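Me: Could you walk me through this model with a few questions and answers? I would like the cut-offs spelled out along the way.

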Amino acid sequence: PGRGPRRANLQIKRFDPWSVLKLSLVLGVALFFVWMVAIGVLYAVLDGMGVWDKINGTANDLFAATAGGTGEPLISAGRVFGIAAIIGAVNIVLFSALATVGAFVYNVSADLAGGLEVTLAERE
């Protein structure tokens, strides 16, 4: 017998680039830790299967024949995690920069086209 759920139509006309930058930095750091855990799990699984030993053995055989080989493994945990950390840091910077530039682009296009229209409604 009552009236239906209330509805509100809103337009998103602007994203604050500073807020977008802060949020993207927080998300980028969180994804960095997810990335490092995933690399750790993958490294441990492949190490348990003996993949790294076979690759390092083959690399030592190839390099020993040409350069006298030092016996240092080609793939080690330190090298893998170091490269993964560098890739993750670059990812944080690029993710944050692209999100902030995306906010600027959205603000300019929303000025021209009017922004996004969102309808909010209560549950029945």
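**Annotated spans and their surroundings**

Reply: Happy to! The unreviewed UniProt entry lists residues 20-46 and 80-106 under "transmembrane region"; UniProt positions follow the numbering used here, feature names are shortened, and annotations may be inferred rather than shown by experiment. This is a predicted model, where local features need pLDDT of at least 70, side-chain atom pairs count only at pLDDT 80 or more, and totals for chains, interfaces and linings use all residues. Residues are numbered from 1 along each chain as its sequence is written, and side-chain values use heavy atoms, with hydrogens and water left out.

Me: How far apart are the end C-alpha atoms of residues 20-46?

Reply: Helices here are DSSP runs of H or I with at least four residues, strands are runs of E with at least two, and both are numbered from the N terminus. Residues 20-46 are 100% helix and 0% strand. Their end C-alpha atoms are separated by 38 Å.

Me: Is Ser 96 buried or exposed?

Reply: Buried means under 20% relative accessible area, exposed over 50%, and partly exposed in between, using a 1.4 Å probe and protein chains only. Ser 96 sits in helix H3 and, leaving aside neighbours within four places in sequence, is in contact (heavy atoms within 4.5 Å) with Leu 21, Ser 24 and Leu 25. Its relative accessible area is 4%, so Ser 96 is buried.

Me: Which residues does Trp 35 touch, not counting residues up to four places away in sequence?

Reply: Trp 35 belongs to helix H1 and is partly exposed, at 34% relative accessibility. Ala 85 is 50 residues from Trp 35 in sequence, yet their C-alpha atoms are 8.8 Å apart in space. Beyond the sequence neighbours, the residues touched by Trp 35 are Ala 84, Ile 87 and Gly 88.

Me: What accessible area do the residues of the nonpolar surface patch have together?

Reply: Patches use residues with over 30% relative accessible area and no salt bridge, joining like charges within 9 Å and nonpolar side chains (Val, Leu, Ile, Met, Phe, Trp, Tyr) within 5 Å; areas come from the Shrake-Rupley method with a 1.4 Å probe, and for residues only the protein chains shown count as cover. This patch holds Leu 23, Leu 27, Leu 31, Val 34 and Phe 95, with its largest share, 4 residues, coming from H1. Val 34 is exposed at 53% relative accessibility. Together the patch residues have about 460 Å².

Me: How many residues apart in sequence are the parts tied together by Glu 122 and Arg 6?

Reply: A salt bridge needs a side-chain nitrogen of Lys or Arg within 4 Å of a carboxyl oxygen of Asp or Glu. Glu 122 and Arg 6 form one, with their closest N and O atoms 2.6 Å apart. Glu 122 lies in the segment after strand E2 (116-121) and Arg 6 in the segment before strand E1 (7-12), so the pair ties together parts separated in sequence by 116 residues.
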